[in-house]
Amino acid sequence: MRVLVVSPKADERLRLAGALLGRPDVEIVEATSAVEAHQLTSERTFDVLVIDGDMRPEGGQSLLYEIRARAEYRGEPAPPAIMLMDREQDRWISGWAGAADVMLKPVDSFDVAERVLELMRDTGGAVPVGDEEGTAGEPLAMDEPSEFQGRSAPAAEGSPSAT
């Protein structure tokens, strides 16, 4: 099993990788930025991604969305991802980007390691995106989470549609 840990913070990468290192048949690959993660995911396949959602300038949600879009364009399954967040308010956008799980920081690295192994058991290491024939040029299947399809955002107070 190959796991990509993406975070600009060396101590965070070390803690997360350290919790998985002692496990047999687990290979840890670290990326320090979204740019590096894009390069690694285009060159190699990964079974699970662990992404720091609070990276700058490109955030973790943007990174994950682009990885999933590239997989859908190619007709390949995307690896499941765990998004690590500072704010509870970012849980929805992480789900929209395709995260299988969101964990709020500070995280216990052993809880993350346990969740990585659960994802491998539950998904077999890949999450299909799009349809079997490929969807190049069509809207992405993950553009809107299923629980929100068909609903519009509530009107703001004082707006013409709110009266």
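Figure 1. At 1% relative accessibility, Asp52 counts as buried, where buried means under 20% relative accessible area, exposed over 50% and partly exposed in between (1.4 Å probe, protein chains only). The model is predicted: local features need pLDDT of at least 70, side-chain atom pairs count only at pLDDT 80 or more, and totals for chains, interfaces and linings use all residues. Residues are numbered from 1 along each chain as its sequence is written, and side-chain values use heavy atoms, with hydrogens and water left out. The side chain of Asp52 meets that of Lys105 in a salt bridge (2.7 Å, N to O); the term denotes a side-chain nitrogen of Lys or Arg within 4 Å of a carboxyl oxygen of Asp or Glu. The pair links distant parts of the chain, with Asp52 in strand E3 and Lys105 in the loop between E5 and H5, 53 residues apart. Helices (H or I, at least four residues) and strands (E, at least two) are DSSP runs, numbered from the N terminus. Lys105 is also buried, with a relative accessible area of 15%. Salt bridges that share partners join Glu12, Asp52, Asp54, Asp86 and Lys105 into one network.

**Figure 2. Overview of the protein chain.** Five helices and five strands make up the elements of the protein chain, and from the N terminus on they run β-α-β-α-β-α-β-α-β-α. Of the 163 residues, 45% are buried. Contacts (heavy atoms within 4.5 Å) between residues at least 6 apart in sequence join residues at least 24 apart in 67% of cases. The protein chain exposes about 9,000 Å², of which carbon and sulfur atoms supply 51%; accessible areas come from the Shrake-Rupley method with a 1.4 Å probe, and for residues only the protein chains shown count as cover.

Figure 3. Five of the five residues of E4 are buried. Ala81, Met83 and Met85 lie on one side of the strand and Ile82 and Leu84 on the other, so that both faces are covered. In a regular strand the side chains alternate between the two faces of the sheet. E3 and E4 run parallel and are joined by four bridges; two strands pair if DSSP finds at least two bridges between them. Asp52 stands opposite Leu84 in E4. The chain crosses from E3 through H3 to E4 in a right-handed β-α-β crossover, a crossover being right-handed if, with the strands pointing away from the viewer, the path from the first strand over the helix to the second runs clockwise. Four bridges likewise join E4 (residues 81–85) to E5 (residues 101–104), and these strands run parallel. Met85 stands opposite Leu104 in E5. From E4 the chain crosses through helix H4 (residues 91–97) to E5, and this β-α-β crossover is right-handed. The bridge partner of Met83 in E5 is Val102.

**Figure 4. Buried residues of helix H2.** In H2 (residues 34–43), the buried residues are Ala34, Ala37, His38, Leu40 and Thr41. An α-helix has 3.6 residues a turn, so residues three or four places apart point the same way. The buried residues of H2 pack against strand E1 (2–6), strand E2 (27–31), E3 and H3.

Figure 5. Arg56 and Pro57 are joined by a cis peptide bond with omega about 0°. Pro57 is placed in the loop between strand E3 (48–52) and helix H3 (60–74). The peptide bond from Lys105 to Pro106 is also cis, with omega near 0°, and Pro106 is found in the loop between E5 and helix H5 (109–123). Most residues other than glycine have a negative phi, and most peptide bonds are trans.

Figure 6. The salt-bridge count comes to eleven. Side chains of opposite charge can pair when their charged atoms come close. Arg2 and Glu27 meet through their side chains in a salt bridge (3.1 Å, N to O). Arg2 lies in strand E1 and Glu27 in strand E2, so the pair ties together parts that are 25 residues apart in sequence. Arg2 is partly exposed, with a relative accessible area of 23%, and Glu27 counts as partly exposed at 34% relative accessibility. Asp90 forms a salt bridge with Arg87, the closest N and O atoms being 3.1 Å apart. Asp90 is buried, with a relative accessible area of 14%, whereas Arg87 counts as partly exposed at 45% relative accessibility.
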